[in-house]
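Morning, everyone. Let's bring up the structure.

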Amino acid sequence: MITPRYYQTEAVQSIYDYYMNGGRGNPLIALPTASGKSLIPALFIEQVMKRWPNQRFLLITHVKELIRQNADKMLQVWENAPLGIYSAGLKRRDIISPIVYGGIQSMIKIAEAFGHRDIIFIDEAHLISQDEDSSYLKFFAIMKRINPNVKIIGLTATKFRMGQGLLTQDGLFTDIIYDLTDMEGFNRLIKEGYLAPLISRPTSTKLDVSNVGTQRGEFIQGQLQYEVDRAEITWKALQEAVYFGQDRRSWLIFASGIEHSNHIAEMLWKLGTECASVYSKQSAEYNDAALKAHKELSLRAIASYSKLTTGLDHPAADLLIDLRPTISVVLHVQKNGRLMRTFEGKSNGLVLD
């Protein structure tokens, strides 16, 4: 059984308060990465269904790792929860359960099949595009046709989106009802021991992105990899990483592209550090085995372009080697947040940026 932290209990209460005080919009809860957002829907759903068992829920996100983790949290809170999962990546096709955790790309294809739903939680809510053709907005439109009173609640560690600003500015969400993502909130959670502090060290290796163009508030990926994935630069950066990380147990490495990720893994092996490169074109079996070994601390390092930014629940991670420059504040926060979970024997997370 999980004992909620005080701020998780407060976040759950903020949902009740919002609707009891006349709220009619789509509220947003903002908590830092690694603070345990996934527990909030689980706690709320258990409380509601034990009082009103006819209520029906969806919890939607975008990657199978998060779906699995969020569903596991639900079962830790409520062992007998009437829970289903709908995800192609997880090979699960549960539709009729009162609580369904799923992936938007799978669910949008059969949206009507989920029928009447009372509350929909969205994890990683900052990823919802305001484009009318977005899968999320299409899905919500269908759900609202089935139940015009359906409530949509977002959870995020970054309450803003590039090109939009705050998620409550001209977007789906209307109100921020609980927020610990400002500097005061971060420092408070670190001081209280709920988050691990981050430290950084200056490196002599520099990544030159002066020739890289931008598009929609981010570097153009192909150009970025071309400029950053240079053998001599990567080799020097990893030599520094090996020096600074010699006393670190578990390394995360962000690459500028898939090829760069593979080159990083190859070089680290030559430098005496075991490393796997995970990405979407690898087999699911390979990626799952590598991530499992990394979490079990039998594989010291893991490199990727994008698979580590969300959905990686690995509290022991204590070194971030960032070889993926970004101008996206959201991505920067997500990357650094990978090190902020607490773990026995871990005093801080070291960032080499």
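**Helix packing and ring pairs**

Start with helix α2, residues 39-51, and helix α3, residues 64-77: they pack at an angle of about 45 degrees, and their axes are 9 Å apart. Keep in mind that this is a predicted model.

Which residues make the contact? From α2, we have Leu 39, Ala 42, Leu 43, Ile 45 and Glu 46. From α3, we have Lys 73, Met 74 and Val 77. By class, the contact of α2 with α3 has 6 nonpolar residues, 2 charged and no polar.

Now the rings. How many aromatic pairs does a search of the whole structure find? The count is 10. Take Tyr 7 and Tyr 194. Their ring centres sit 5.4 Å apart, with the planes at 75 degrees. Edge-to-face needs over 60 degrees, so this pair qualifies.

Where do the two partners lie? Tyr 7 is in helix α1, residues 6-20, and Tyr 194 is in the loop between α6 (183-191) and β11 (198-200). The pair therefore ties together parts that are 187 residues apart in sequence.

Buried or exposed? Tyr 7 is buried, at a relative accessible area of 0%. Tyr 194 is partly exposed, at 22%; the buried class stops at under 20%.

One last point on the rings. Tyr 6, Tyr 7 and Tyr 194 are linked by ring pairs into a cluster.

How values were computed:
Residues are numbered from 1 along each chain as its sequence is written. This is a predicted model: local features need pLDDT of at least 70, side-chain atom pairs count only at pLDDT 80 or more; totals for chains, interfaces and linings use all residues. Side-chain values use heavy atoms; hydrogens and water are left out. Axes are lines fitted to C-alpha atoms, for helices over the stretch in contact, and angles run from 0 to 180 degrees between N-to-C directions. Helices (H or I, at least four residues) and strands (E, at least two) are DSSP runs, numbered from the N terminus. Contact means heavy atoms within 4.5 Å. Ala, Val, Leu, Ile, Met, Phe, Trp, Tyr, Cys and Pro count as nonpolar, Asp, Glu, Lys and Arg as charged, and the others, Gly among them, as polar. Rings of Phe, Tyr and Trp (its six-membered ring) pair if their centres lie within 6.5 Å; planes under 30 degrees apart count as stacked, over 60 as edge-to-face and the rest as tilted. Buried means under 20% relative accessible area, exposed over 50%, partly exposed in between (1.4 Å probe, protein chains only).
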